[in-house]
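Please examine the sequence and the structure shown below. The paragraphs that follow lead through selected parts in turn.

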Amino acid sequence: MTLPPESLSALRDLLARYCGVLLDDARLITLRSAVERRAEAVRRAPAQYAADLVLSADRAELHQLAELLLNHETVFFRNRPHIEALRKTLLPTLHATLPPGAPIKIWSAGCATGEEPYSIAITALEALGEPLPRPVEILATDLSTTALDKARRGVYRGRALANVTPAQRARFFVPAGDGLAVHERVRRLVSFVQHNLLEPFPPATRGTHILFCQNVTIYFSIDTCRALMARFYDILADGGTLCLGFSETLWNIFDRLRPVAVDGAFLYRKDPPRQRPTVAPADKRSVQLPRSSRLRPAAPSVAGVPLFTDETVVHEGRRLIDSGQLEAALDLFARAPLAGRHAPAVLALAAQAHANRGDLDLALAEARRALELNPLVTEAHILLGLIYERQQQLPLAIRHFERARYLSTESPLVAFHLAECYRQTGRMTDAVREYRNAERLLATLPPDELLEGVAAHWLAESCRRWIDRLDGER
């Protein structure tokens, strides 16, 4: 009994309502594989398993299915700009302003296998010193029980430790077989709790001073993201800071959190109420920070106007990607305020950089978000077309290549890939037309100019061979 497409679509919608993650069309293949694995585990036919799950919406079984679909890969100190802002400004500012003995409350929402909350704990010890001058409480939550089990064990190896310095390894880790275990005094700062972000937040989250939620909401629909941001806003302390992944812009999504620039990082802040009770000068608990250490708004001096992405970020990012400097491009984007009319283009470029690194799930999510913000971003359509073509999702590839061609009629690559997809789906007349179009556009370029690493004259020769062959078959 085969698994019909409508069952997969219904399951995708059910999973999105359960945990927020909206699977791209290309990931329906991954969903099908996960359904088949769970169906085998519970000894049911895949179609019957899917039908029963859609009908019952069994949360325990939805959790088991989601475990097979969620990406838990991460590394220590993944977002360097945010870590530097935490070390240099956020933690020292909170220590200077909170009442003596009051804890600094930090939440790592979507903590995966624990690298993020442990990175925060290490940074707190480095920034404030040992022993800590006040309590630091780090709550780490994730939907995945499998990921949390690994986080609680706290043993890491390989790529996860790539950003950890030799001094940090010596100070905050101990050997554990062929890996390193997080030192007990770091682990004591972190509490791990299983939690679904679409469910009521744990009571401990209220009054959070710093909230990390990185590379989580990019997989949500805009409506789900907007609702989650409203709930984050409610539990943040006045003046609290939200640290999102650099591609998780709130531009045109949620405007109650104000963008701020802190030590080169782009963050969001919950402003205190306008009306505050005045504190008498004699009250020694009131601490006035030096001007240089206060959070600086990322916007121009005109109140309420956010700082927009500069067009130079788009040009420089494209140059870095074209020259293969992917890490430099991603670092550039991480330090840019992702807002304004250029934000969708930067998102599309970030997606291209992640795709070139092989992180296709994140690339798909970023390209999709770019198009949600602006459906006319040609680069996002091209990237989605290329990914879908590589995955042999040819109808999806054709859809995006056709939209890219409409937006950019002079791109030889779009014409060539569209011809390839038409040919592979049996649309020979359309394929010949696009091969001719690609050949015409390639003739305007220097023969040795590289397009996707291939010289223009070689692409043109390929077009001519296919035109001759397909014309001969018709």
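Helix H1 (residues 5-19) packs against helix H3 (residues 46-56) at an angle of about 40°, and their axes lie 10 Å apart. H1 is therefore oblique to H3, since angles under 35 degrees count as roughly parallel, over 145 as roughly antiparallel, 65 to 115 as roughly perpendicular and the rest as oblique. Axes here are lines fitted to C-alpha atoms, for helices over the stretch in contact, and angles run from 0 to 180 degrees between N-to-C directions. Helices (H or I, at least four residues) and strands (E, at least two) are DSSP runs, numbered from the N terminus.

This is a predicted model, in which local features need pLDDT of at least 70 and side-chain atom pairs count only at pLDDT 80 or more, while totals for chains, interfaces and linings use all residues. Residues are numbered from 1 along each chain as its sequence is written, and side-chain values use heavy atoms, with hydrogens and water left out.

Which residues bring H1 and H3 together? Ser7, Ala10, Leu11 and Leu14 in H1 meet Ala50, Leu53 and Val54 in H3, where contact means heavy atoms within 4.5 Å. The residues of this contact comprise six nonpolar, one polar and no charged. In this classification, Ala, Val, Leu, Ile, Met, Phe, Trp, Tyr, Cys and Pro count as nonpolar, Asp, Glu, Lys and Arg as charged, and the others, Gly among them, as polar.

The axes of helix H16 (residues 394-407) and H17 come within 9 Å and cross at roughly 150°, so H16 and H17 are roughly antiparallel to each other. The contact includes Phe401 of H16 and His417 of H17. By class, nine nonpolar, two polar and two charged residues make up the contact of H16 with H17.

His417 lies in helix H17 (residues 412-424). With 10% relative accessibility, His417 counts as buried (under 20% relative accessible area, with exposed over 50% and partly exposed in between, using a 1.4 Å probe and protein chains only). Not counting residues up to four places away in sequence, His417 touches Leu386, Glu389, Phe401 and Glu452.

The backbone also deserves attention. Glu130 and Pro131 are joined by a cis peptide bond, with omega about 0°; Pro131 is in the loop between helix H6 (115-128) and strand E2 (136-142). Phe77 is not a glycine, yet has a positive phi of about 50°. Phe77 is buried, with a relative accessible area of 1%.
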